[in-house]
Amino acid sequence: MGSPGIAQAKTTQTITPSFIAKVNTFCAAEATQITTAEGGSFPYPNFNPYAPDVKTMRLAGAFFAKALSVRQVVPQQLEAVGEPTSGQRQWNDLKAIDAESNRIAITQVHDAQAGNVKGFVSTVRQLTSVQNDLVKEAVKDGFTKSSPCTEAF
């Protein structure tokens, strides 16, 4: 037992590096699938997601809708990647946050297509927050800031 007043070091288990490499391969392939499904780079560089005009928002929704079939299977595909030998809890937490991010992204596409400006802007804010949390957790769990997964998250 430690002396009173002495802080106990809290250890954080990271995800197995070889598993992170496997997940990064998945994320790189997923990003390629999404880009391919969408047909390339986002074609509306002046689009402001925080103050969208309805016409361009609907066009953006149609652009992103091309990849919905890819997005809808991401949670199952992440499950199929398996489990790391260390950092299982961290991996499960990352998958849960990613599933939430993916759910919001799908809702965002539907809101954009429907011309629901209020709903769309709400999902933009939610998605930004969840994705920031996801990247922060991923880095804490052993991913690098420049890994394919932190780019995809």
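Close-up 1. At 38% relative accessibility, D93 is partly exposed (buried is under 20% relative accessible area, exposed is over 50%, and partly exposed is in between, using a 1.4 Å probe and protein chains only). R89, with 54%, counts as exposed. D93 and R89 form a salt bridge, their closest N and O atoms being 3.2 Å apart (a salt bridge is a side-chain nitrogen of Lys or Arg within 4 Å of a carboxyl oxygen of Asp or Glu). Both residues sit in helix α4, four residues apart, which is about one turn of the helix (helices are DSSP runs of H or I with at least four residues, strands are runs of E with at least two, and numbering starts from the N terminus).

A quick note on what you're looking at: this is a predicted model, where local features need pLDDT of at least 70 and side-chain atom pairs count only at pLDDT 80 or more, while totals for chains, interfaces and linings use all residues. Residues are numbered from 1 along each chain as its sequence is written, and side-chain values use heavy atoms, with hydrogens and water left out.

**Close-up 2. E79 reaches across to K95.** Here the two side chains meet in a salt bridge, 3.1 Å from N to O. E79 belongs to helix α3 (residues 68-81) and K95 to helix α4 (residues 88-114), so this pair ties together parts that are 16 residues apart in sequence. Which of these residues is buried? That's K95, with a relative accessible area of 9%, while E79 is partly exposed at 49%.

Close-up 3. The closest N and O atoms of the E83 and K95 salt bridge are 3.2 Å apart. E83 is in the loop between α3 and α4 and K95 is in helix α4, so to speak a link between distant parts of the chain, 12 residues apart. E83 is partly exposed, at 41%. Put together, E79, E83 and K95 form a network of salt bridges.

**Close-up 4. Helices α3 and α4 side by side.** The two pack at an angle of about 170°, with their axes 10 Å apart (axes are lines fitted to C-alpha atoms, for helices over the stretch in contact, and angles run from 0 to 180 degrees between N-to-C directions). That makes α3 roughly antiparallel to α4 (angles over 145 degrees count as roughly antiparallel, under 35 as roughly parallel, 65 to 115 as roughly perpendicular, and the rest as oblique). Residues in the contact include L78 and E79 of α3 and W91 and K95 of α4 (contact means heavy atoms within 4.5 Å).
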